[in-house]
Amino acid sequence: MAGTKVEKLEEGRRPPGVTAPPEGGWGWMIVASCFLATICIRAVTRCVSMFFVEFQLHFEKDYSTTSWINSLIDATTMLCAPLGGFLGDRLSCRATVILGGLLSSSGLVLSSFASSLEYLYISLGILPGLGFALSYTPAIAMVGRYFSERKALAYGIAMSGSGIGTLILAPAVQLLIEYYSWRGALLILGGFVSNLCVCGALMRPTIEDSKLVESKKLNKAAADMDAKIAEPLVSTNTSSRGFCLESREEFGFLVIPDFLILSVSLLFLAYGCSAPVVYLIPYALSMGVEPQQAAFLMSIFGVSGIVGNITFGWITDRQCLKKYRMLSYMMAIGMDGLCCMFIHLLHSFPLLVPFSVLYGYFDGAYVALIPVVTSDVAGSTYLTSALGVVFFLHGIPYLISPPIGGWLVDRTGNYKATFFLSGACFMFSSAVLGAAMLVRRCRTSKSNSAAHLNPNHTAAAAQQNIEAKTMC
């Protein structure tokens with residue numbers, strides 16, 4: 001009986017009949033596509049904060065009202081992420097990424113004709129956010145389908161596009177704003193984001209994905225045939241019952257305790273990581289830093305993120321360190337929290353440079369590890385759906401954190417409370433995972449002690465050991 005439970009748990013990661021990922025080949029082209037996609041999505045989203053002061057001056061609005069643009073684009077991207085995962089599974093990752101590219105590019109182009117801040121809420125907030133959501137989840141999930149042993153490294157390279165994109169785009173966008181105004185800069189960004197369609201075209205499905213699609217078509221056809229045969233005798237909707245059963249199996253990871261704990265941690269992480277990126281440049285400008293130097297801070301942030309992406313990906317792929325991926329992820333989150341706690345003490349460009357270096361490095365580290373940790377907890381088979389849920393959890397915090405940060409700035413006249421609240425959320429996110437790991441280890445130790453005293457507890461102890469490995 002114990003052996004059966006263990007087998008079921010181990011098989012949950014890779015169902016029978018599913019072959020190992022290719023570990024390279026066209027997979028490196030998928031990594032390159034995801035790399036470009038993260039530039040078009042995450043780097044462009046970060047660079048939207050560079051329009052903050054321009055929008056504030058042009059439309060004569062306060063911090064809180066203007067910050068809703070950043071909130072909406074981030075929140076829509078994350079809240080609609082499950083839709084991207086759903087369409088990626090039902091249609092194909094290729095078609096979903098291309099559709100997302102068309103939507104997001106159209107939104108940025110339309111934003112260049114904005115006549116009010118409310119217009120920008122829709123054209124620059126919701127429309128590009130929806131397009132990014134359709135592109136982001138399938139693009140990231142495709143990397144996990146091509147890699148297993150070198151998954152962390154592949155994700156580190158792919159996610160470094162966010163840092164490299166920020167490095168290149170931050171000064172470029174600043175120059176575009178100076179030479180062509182914010183309207184011309186948005187128009188050019190819209191053309192750049194259309195490269196998501198190229199990324200999507202390169203997303204060739206694996207052989208296993210093709211077989212799965214064919215299998216689903218055959219199963220659906222068989223279910224429809226059974227429904228037609230049984231229709232005169234039974235009034236139950238067989239196809240509807242089959243869809244419910246398929247959905248329950250696809251989202252079975254939602255009831256895994258480790259995934260629920262990770263989800264709670266992600267809620268606080270999402271709140272913590274949003275405000276610092278939005279308010280870094282306004283804070284630097286308020287300290288008397290020149291606009292070009294403020295844009296350079298974002299470039300430094302991007303370079304450090306690249307190093308964090310790749311180094312943490314390579315290190316945590318080492319055989320002896322794979323079991324410490326969760327600890328590495330927690331450490332990166334905690335270090336970002338400490339950075340946010342002390343930024344209010346930095347009042348000049350030379351002092352803000354170390355902040356950008358450290359915050360960017362650990363930001364890149366945990367961003368690269370999020371899909372890896374999610375895959376370790378939920379299993380690579382359900383990675384597309386699991387990532388959709390993970391990004392969905394970022395949605396509400398992303399929506400409310402910049403306006404709350406702006407409200408605190410309006411009320412206090414400085415950025416101290418805004419950054420301190422973000423730092424506290426980072427620290428609490430790490431603490432939730434740490435507490436869960438300690439509880440799990442204590443339970444495992446007690447079970448092992450009981451097994452020595454009572455041999456009948458051996459089966460239960462073995463099962464808890466496997467569950468502990470999943471979390472650690």
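Colleague: Leaving aside neighbours within four places in sequence, which residues is Ser422 in contact with?
Modeller: Keep in mind that this is a predicted model. Contact here means heavy atoms within 4.5 Å. With neighbours within four places in sequence set aside, the contacts of Ser422 are Tyr271, Gly272, Ala275, Pro276 and Cys340.

Colleague: Is Ser422 buried or exposed?
Modeller: Ser422 belongs to helix α18, residues 416-453. The cut-off for buried is under 20% relative accessible area. Ser422 has a relative accessible area of 0%, so it is buried.

Colleague: How many helices does the protein chain have, and how many strands?
Modeller: The chain has 472 residues, and 52% of them count as buried. Its secondary structure is 19 helices and zero strands.

Colleague: Why does the span of α16 agree with its number of residues?
Modeller: Helix α16 covers residues 349-378, which is 30 residues. At 1.5 Å a residue, it should span 44 Å. The two agree because its end C-alpha atoms are 43 Å apart.

Colleague: Where does α16 bend?
Modeller: The bend is about 35°. A proline, Pro371, follows within four residues of the bend. The bend is at Ile370.

Colleague: How many of the residues of α16 are buried?
Modeller: Helix α16 has 30 residues and is largely enclosed by the rest of the structure. Just after the helix, Gly379 takes a positive phi of about 95°. The buried count for α16 is 23.

Colleague: A search of the whole structure finds 16 aromatic pairs. What kind of pair do Tyr283 and Tyr415 form?
Modeller: Their centres are 5.5 Å apart, with 75° between the planes. Planes over 60 degrees apart count as edge-to-face. The Tyr283 and Tyr415 pair is edge-to-face.

Colleague: How many residues apart are Tyr283 and Tyr415?
Modeller: Tyr283 is in helix α13, residues 257-286. Tyr415 is in the loop between α17 and α18. The pair links distant parts of the chain, and the separation is 132 residues.

Colleague: Which residue forms a tilted aromatic pair with Tyr415?
Modeller: Tyr415 is buried, at 5% relative accessible area. The tilted pair has 6.3 Å centre to centre and 40° between the planes.

Colleague: Which residue lies over the face of Tyr136?
Modeller: A charge counts as over a ring within 6 Å of the ring centre and within 35 degrees of the ring normal. Here the distance from the ring centre is 5.9 Å. The residue is Arg42.

Terms used
Residues are numbered from 1 along each chain as its sequence is written. This is a predicted model: local features need pLDDT of at least 70, side-chain atom pairs count only at pLDDT 80 or more; totals for chains, interfaces and linings use all residues. Side-chain values use heavy atoms; hydrogens and water are left out. Helices (H or I, at least four residues) and strands (E, at least two) are DSSP runs, numbered from the N terminus. Buried means under 20% relative accessible area, exposed over 50%, partly exposed in between (1.4 Å probe, protein chains only). The expected span of a helix is 1.5 Å times one less than its number of residues. The bend at a residue is the angle between axes fitted to the seven residues ending there and the seven starting there. Rings of Phe, Tyr and Trp (its six-membered ring) pair if their centres lie within 6.5 Å; planes under 30 degrees apart count as stacked, over 60 as edge-to-face and the rest as tilted.
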